[in-house]
Amino acid sequence: MRLATRPIESDAAISLTEKQGSEARSTPWSMLLVVFMRLLAMIWMAQGLAQWATVLVPSAPAFDHESWIFGAGVIFFAVFDLMAAVGLWLATPWGGVLWLLAALAQICMALLVRPFFSLLWVGANLFLICLYFILTWFAGQAESAD
């Protein structure tokens, strides 16, 4: 039994459209969205690794003198930020969703546990979320117009 193989028509690692072959075109907004997601991925990767550094190489006993919610937050963000970074780097829809959840969780932690994240980071997260939605909307409009 011989399996039918389809020739690869593009070198793209990420498909931004459902269309195949000559119909598939990426718009400038789509490419800008992918670049934005990759930049976010680098930031979230650094955050996740910083949280892991708090767990694995603490300068002082981090979990002995802090509340349990602080320790749970460090472990949560150590795992969740890295998962969101991978999804963002691959420019997958689940990566955007995980990142949005991570950013909203950071905002909640900043408001509930004061020394965890600064209020400046809350503003940065809100700005990045708005920018993500704007870029996603423009990319969707450009692809639907084609």
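How many disulfides does a search of the whole structure find? The count is zero. The model is predicted. C108 is partly exposed, at a relative accessible area of 45%. C130 is also partly exposed, with a value of 46%.

Turn next to a helix pair. Two packed helices are described by the angle between their axes and the distance between the axes. Helix α1 spans residues 28-56. An angle over 145 degrees counts as roughly antiparallel, so that is how α1 and α4 run relative to each other. The crossing of α1 past α4 is left-handed.

Which residues make this contact? From α1 come W29, S30, L32, L33, F36, M37, L40, I43, W44 and Q47. From α4 come W121, N125, L128, L131, Y132, L135, T136, F138, A139, A142 and E143. Sorted by type, the residues of this contact are 16 nonpolar, four polar and one charged.

Is N125 buried or exposed? Its relative accessible area is 0%, so N125 is buried. What does N125 touch, leaving aside its neighbours within four places in sequence? Its contacts are W44, A103, Q106 and I107. Of these, W44 belongs to the α1 side of the helix pair.

How values were computed: Residues numbered from 1 in each chain as written. Predicted model: local features only at pLDDT ≥ 70, side-chain atom pairs only at ≥ 80, totals over all residues. Heavy atoms only, no water. Buried < 20%, exposed > 50% of the residue type's maximum accessible area, 1.4 Å probe, protein only. Contact = heavy atoms within 4.5 Å. Disulfide = S-S within 2.5 Å. Axes fitted to C-alpha atoms, helices over the stretch in contact; angles between N-to-C directions. Helix = DSSP H or I, 4+ residues; strand = E, 2+ residues; numbered from the N terminus. Parallel < 35°, antiparallel > 145°, perpendicular 65-115°, else oblique. Left-handed = near helix turned anticlockwise from the far one by under 90°. Nonpolar A, V, L, I, M, F, W, Y, C, P; charged D, E, K, R; others polar.
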